[in-house]
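Subject: Handing over the structure

Hi,

Here is the structure I promised to pass on. Have a look at it first, and then read on for what turned up in it.

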Amino acid sequence: MAIVGGSGYAGGEFLRLALFHPHLEVTQVTSRRFAGEPVHFVHPNLRGRTNLKFIPPERLEPADILVLALPHGVFAKEYERYRPLGKVVLDLSADFRLKNPDLYRRYYGEHPRPDLLGSFVYALPELYREALRGADQMAGAGCNATATLLGLYPLFKAGLLQPKPVFVTLLISTSAAGAEPSPASHHPERAGSLRVYKPTGHRHTAEVVENLPGRPEVHLTAIATDRVRGILMTAQAFLHDGWSERDVWQAYREAYGGEPFVRIVKQKKGIHRYPDPRFVQGTNYADIGFELEEDTGRLVVMVAIDNLVKGTAGHALQALNLRMGWPETLGLEFPGLHP
Ligand SMILES: NC(=O)c1ccc[n+]([C@@H]2O[C@H](COP(=O)([O-])OP(=O)(O)OC[C@H]3O[C@@H](n4cnc5c(N)ncnc54)[C@H](OP(=O)(O)O)[C@@H]3O)[C@@H](O)[C@H]2O)c1
């Protein structure tokens, strides 16, 4: 398999997972800036574990599986060049996540290949497991969309929520916006910082709305913290009158009872009562919790994931396992660290 954009955060994380997957052999990793350098030049955690060197994208040769981890818009523009280079293509960008061209236009502008929207399967196994088994073109979900969708999907599916807007707050980390310096990424002056990153207009809103039953009204706000990895999502919604905490439990159990990487975290008391990004760091787990305010019906849903694993490379590898007919959990079963 080959990884395009392997010097970035998403590509580097896919490489880390792929190197320890028993059925994958990574033969090519591209970077324009670091062509000729060993991959550990950029990813020091992989030192001693691989002799791969970066090649420039122009030198890519056809591979069984092509993973693209390019900045937004590059793959869509260069689809004709990259598509023939992989029998199975797994794109981690937002280029082909959406099906609806109007929704795409509203959040991203004109799509260079609107004819291809809808030809990729959204690579979130908890929602599209069966479709992924036969998909040659897969589009990885956005990290914030993953956290939001996993938290809200069972509630909309079960029809538990009042038809009111749902408000989502995402505490995000510095790796969420790529390795290139950006408003969300690391900078010495940002140590210890907590900043509003995207109060309105978050692009992942589009894929959240498109993939929730009934296309409900959902509003996202992102706050940048100085954590390196992790997302903590909280959503505020209102339950229909008459529904109780037991119904919420039931909805989550029905949706996720058989899911290998979703854990419901709900204890009445104790020190680890709520999902915490620390305990899923480096893993493919999504921890989901909730609390109901009985007298108002306000339900607070909480989801913790690692943005680069369950939010990107992990769910993408899970989807690839499905596509290749391998056990879905292969190469992804490691637990997090504690303490
Ligand atoms: N970070 C996250 O948490 C996250 C989560 C989900 C999805 N994603 C998606 O994954 C993609 C990559 O994100 P990232 O965070 O890894 O960004 P990044 O760290 O900036 O990495 C981008 C990669 O693409 C390469 N590249 C840039 N422009 C290129 C071009 N025109 N042609 C060929 N290669 C090019 C870069 O290497 P060279 O410049 O050396 O070639 C680098 O390897 C994005 O589309 C993002 O939306 C990211």
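To start with a question: which elements do the buried residues of H7 pack against? Keep in mind as you look that this is a predicted model.

The answer is H4, strand E6 (121-122), H5, helix H6 (143-157) and strand E10 (218-225). Helix H7 itself covers residues 204-211 and is mostly covered, with eight of its eight residues buried. Reading along the helix, you'll find His204, Thr205, Ala206, Glu207, Val208, Val209, Glu210 and Asn211 as the buried residues.

Arginine 97

This one sits in the loop between strand E5 (86-91) and helix H4 (101-108). Is arginine 97 buried or exposed? It is buried, because its relative accessible area is 7% and the cut-off for buried is under 20%. Its side chain has a polar contact of 2.9 Å with the side chain of glutamate 207, which is among the buried residues of H7. The arginine 97 side chain also reaches the backbone oxygen of glycine 140, at 2.7 Å. Leaving aside neighbours within four places in sequence, the contacts of arginine 97 include His204, Glu207 and Glu210, and also Ala139, Gly140, Ala141 and Gly142. Leu92 and Tyr122 are in contact with arginine 97 as well.

Leucine 127

Leucine 127 is in helix H5 (residues 125-133). With 14% relative accessibility, leucine 127 counts as buried. Beyond its neighbours within four places in sequence, leucine 127 is in contact with Tyr153 and Asn211; Asn211 belongs to the buried set of H7. For a sense of scale, the C-alpha atoms of leucine 127 and proline 339 are separated by 32 Å, and the two are 212 residues apart along the chain.

Leucine 220

Go to strand E10 for leucine 220. Leucine 220 is buried, at a relative accessible area of 4%. Setting aside neighbours within four places in sequence, its contacts include His204, Thr205 and Val208, which are buried residues of H7. Val168, Leu170, Lys198, Pro199, Thr200 and His202 are also in contact with leucine 220. Glycine 201 is 19 residues from leucine 220 in sequence, and their C-alpha atoms are 7.5 Å apart.

Where does the ligand sit? You'll find it in the largest pocket. Helix H1 (9-19) and helix H9 (309-324) are the elements that give two or more residues to the shell around the ligand. There are 28 residues around the ligand, and Ser7, Ser31, Leu70, Ala179 and Thr312 come nearest.

An oxygen atom of the ligand is 2.6 Å from an N or O atom in the side chain of serine 31. For the side chain of arginine 33, the distance from an N or O atom to a ligand oxygen is 3.0 Å. At alanine 10, a polar backbone atom is 2.7 Å from an oxygen atom of the ligand. On its own the ligand has 890 Å² of accessible area, and the protein covers 88% of that.

Asparagine 307

Asparagine 307 is in the loop between strand E14 (298-305) and H9. At 1% relative accessibility, asparagine 307 counts as buried. What does its side chain hold on to? There is a polar contact of 3.0 Å with the side chain of serine 175, and a polar atom of the asparagine 307 side chain lies 2.7 Å from the backbone nitrogen of glycine 230.

Most residues other than glycine have a negative phi, and most peptide bonds are trans. Arginine 215 has a positive phi, near 45°. You'll see arginine 215 in the loop between H7 and E10, where it counts as partly exposed at 43% relative accessibility. The peptide bond from histidine 338 to proline 339 is cis, with omega near 5°. Proline 339 is in the segment after H9.

Over to you!

Terms used. Residues are numbered from 1 along each chain as its sequence is written. This is a predicted model: local features need pLDDT of at least 70, side-chain atom pairs count only at pLDDT 80 or more; totals for chains, interfaces and linings use all residues. Side-chain values use heavy atoms; hydrogens and water are left out. Helices (H or I, at least four residues) and strands (E, at least two) are DSSP runs, numbered from the N terminus. Buried means under 20% relative accessible area, exposed over 50%, partly exposed in between (1.4 Å probe, protein chains only). Contact means heavy atoms within 4.5 Å. A residue is near a molecule or strand if one of its heavy atoms lies within 4 Å of it. A polar contact is a pair of N or O atoms within 3.5 Å; within protein, one must be able to donate a hydrogen and the other to accept it, and residues adjacent in sequence count only if both atoms are side-chain atoms. Accessible areas come from the Shrake-Rupley method with a 1.4 Å probe; for residues, only the protein chains shown count as cover. On a 1 Å grid over the protein atoms alone, a cavity is a set of points where a 1.4 Å probe fits but cannot get out, and a pocket is an open set with protein on both sides within 12 Å along at least five of seven lines; lining residues have an atom within 4 Å of a point. A molecule sits in a cavity or pocket if more than half of its atoms lie within 2 Å of its grid points.
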